[in-house]
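My entries follow the display.

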Amino acid sequence: MAKSKKANDFIDLHALLKSYASKWYYFVISMVICGALGYLYTRSHARPMAVRANILISPESDSPLGGGAMGGLGSLFGSNAYVDDEIFVISSHSLFRNVARDLELNKTHMVKDGFLKSHLAYPDFPIDVVAPGVADTLRQTLVFVVKVDKSGKADIDVKVKKDKIVEMENVALPAVVKCPYGDFTVTPTAYYHKGEKLKTTIVFSGYESAAESLTDNVVAEIASRKSNVIELGYDISNPALGSAVLNEILAKYNERGVAEKNLQGEKTASFLNDRIQLLAKDLNEAEVAIQNYKEGHGIIDVLAEAEYQTAKKGTLESAMLEQETEMEVLRLTRDYFTDPAHSDDLVPMTVSNEAVARGIEKHNELVLKRLELLESAKPDNFAVKQLTKQIDLSRANLITTTDRVLESANLKLNDIRAEKNRTDSRLGSIPTQEREYLNMKRQQEVKQELYLFLLQRQEENSMMLANAVSKGKIIDEAFTLSEPLGMSPKMILFIALVIGLIIPPFVIYLRKVIRNKFETREEAEKHLTAPVLGEMCIDRSGRRLVVSEHDTSSATELFRLLRSNLQFMLSDPNDKVVLMTSTRSGEGKSFISINLAASLSILQGKKVLLVGMDIRNPQIANYLGINPPLGLTNYLSSDAVSLKSIIVPMEGLPNLDLIVAGPIPPNPAELLNSRKVDDLFAELRKHYDYIVVDSAPVGMVSDTFTLDRISDATIYVTRVNYSSLQDLRFIEDVYEEKRLKKLSVVINGTTSKKGYGYGQNKKN
């Protein structure tokens, strides 16, 4: 359709900009509000600083100390760490809880600096809240709002979830606040300056909540997949607090690593101390027994003739001593890991036998893995249970292996003893006392050798404990990047102003979509192909009849312009009747009918008649404040009423007459369709130059369409910010279907613009 092409073929950018320009105050208000909000945001939100720290995770190597004949214990200390696992450890809840406890991170101090501006204070907060022991079990978050005046008196409010539970006024500091969660002491710190007003908000929570907050805000991640470096990040408005937190996390992580390593060494040290004390007692008893034996039996030197056999015997005894020592170590080890009291402990012993030593090493690795897993898992965890089964199986294998090694060593020892017995039988000349002495001496040497071995291991273990270092090497302690994160205040204000520019067009468009009404003459013309005869501005004088002969107001001039355009439409001398209609009531049809008729009557030598034919809802008589006894309906319904009796002259306008609608009839449609209407207008055409007919709205009743037979032209009144776009489509349909003669449109309700051309209007 033609109207669709006119409305949608192109976007009238000039009209669009003009529409926006007419709403310039929308843009000003929006930009002022958005700029103010942006400014308030920059005042109330401090830009966070990026605090970072780096730590290198190095897998631990075994102890460099040799094990001597008995093997080293270095494999018992430390374990290789994978970086992904260490990220979990360094960001664990238990570690963060310890950090929160040491730094008192369960308290957040916000100190007000001015209008809508406050800062996170650390460590220079002026007021503190002290409650020993409460934070360990506290599950709620308490907010203390403390206002201190210049005299040092304070008002204290305590809230829990926005509910005020304590209110204290004009109290001296320090003050004890009693509430259902415990007793809290609000006290000034060394950073409090007397004689100054201050307001601070202290958020007090438990250590568990503080640890959860750290979990949310502290980020631990691998700096590069090709490295073993963990980067810690904390974005916070107070870089001093962020640095303290990250440095404390690094310290706690290293302390934890050292403690895990020392736990192994301490268990070994405890075992060595116990065994050394026992062997020292046995060795002392053996030496006392030898001393008493020598004194009681008077031991002498071996005879010269027995030197060879004695030497051979010494060799055999040396072998026996070595074998017995090995067996004793094996028994001690076997007794340790068969003892139920040590079923979950590390086996703090090594042996020279390679098979047993490998078994002990693998067993200790499983125990260490289980201890590490128990740091973050419960005993009934599936992985823990699996490791426990592996440890039990490993211990059973160790027992079996040790038994086999002991059996083999015992066979070897029996062979040595048999050879020694053969040698002893050849030493019959050696006194029995000497043989008894040598047996006692051998036992004493076994205990002495074992005692020295354990002392050596004790020193090695002490060195390991003294030199224990964490697997984490700090590369960078906490440092703060130079540029704050987020947008600068200028950028925020700029974006706020841009948003302020964007909102009005959106609001205008949304308002238009919701209201479905046109707002300017130009917008109406986009939806119409029917000619626009003119427009009428809003008249704020309150008068119904605004046209007079010497008036130069905007409304009067627009009616004169409307009159001139109408005269062009009524070019034929026989065109006299103008039908006035609209879509609905309230669009100003009667107002324009009255004043257009008045404007036509001002023309020199022109006789004009205004006929009120909206007989269902007559308004002209009310508008003009007149009440004639007879009207049009009286004339149409009764032959006794003459035409002359219903014509009323308009006061002040000698060339304008009026016929009011009269009483509302029960059959308005039949009256308007009667032959008498045609005869009436045929008669009126003889006496008047122009006849303006105020008819009913066509969107409500069909009366106007029936009157088209007596009209020469039709003026269709529509109104900005009142008539809908659907109404314009209805006008277009009437125009295209030619249901009314010479239809033209008058747009009512515009706002006149002073200056050149009264038709240059802007919207209300």
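I first looked up the strands and found an open sheet of three, in the order β4-β9-β8, with antiparallel pairing. Strands here are DSSP runs of E of at least two residues, and helices are runs of H or I of at least four, numbered from the N terminus; two strands pair if DSSP finds at least two bridges between them. I noted that β4 (127-130) and β8 (175-179) each have a single partner strand and stand at the edges, so one side of each lacks a neighbour in the sheet. Neighbouring strands are turned against each other by 25° on average, direction ignored.

This is a predicted model, in which local features need pLDDT of at least 70 and side-chain atom pairs count only at pLDDT 80 or more, while totals for chains, interfaces and linings use all residues. Residues are numbered from 1 along each chain as its sequence is written, and side-chain values use heavy atoms, without hydrogens and water.

I then examined β8 and β9 (residues 182-188), which pair in the antiparallel sense over five bridges. Gly182 in β9 is the bridge partner of Cys179.

Next I looked up helices α5 (residues 93-103) and α6 (residues 207-217), whose axes come within 8 Å and cross at roughly 115°. Axes are lines fitted to C-alpha atoms, for helices over the stretch in contact, and angles run from 0 to 180 degrees between N-to-C directions. That makes α5 roughly perpendicular to α6 (65 to 115 degrees; under 35 counts as roughly parallel, over 145 as roughly antiparallel, the rest as oblique).
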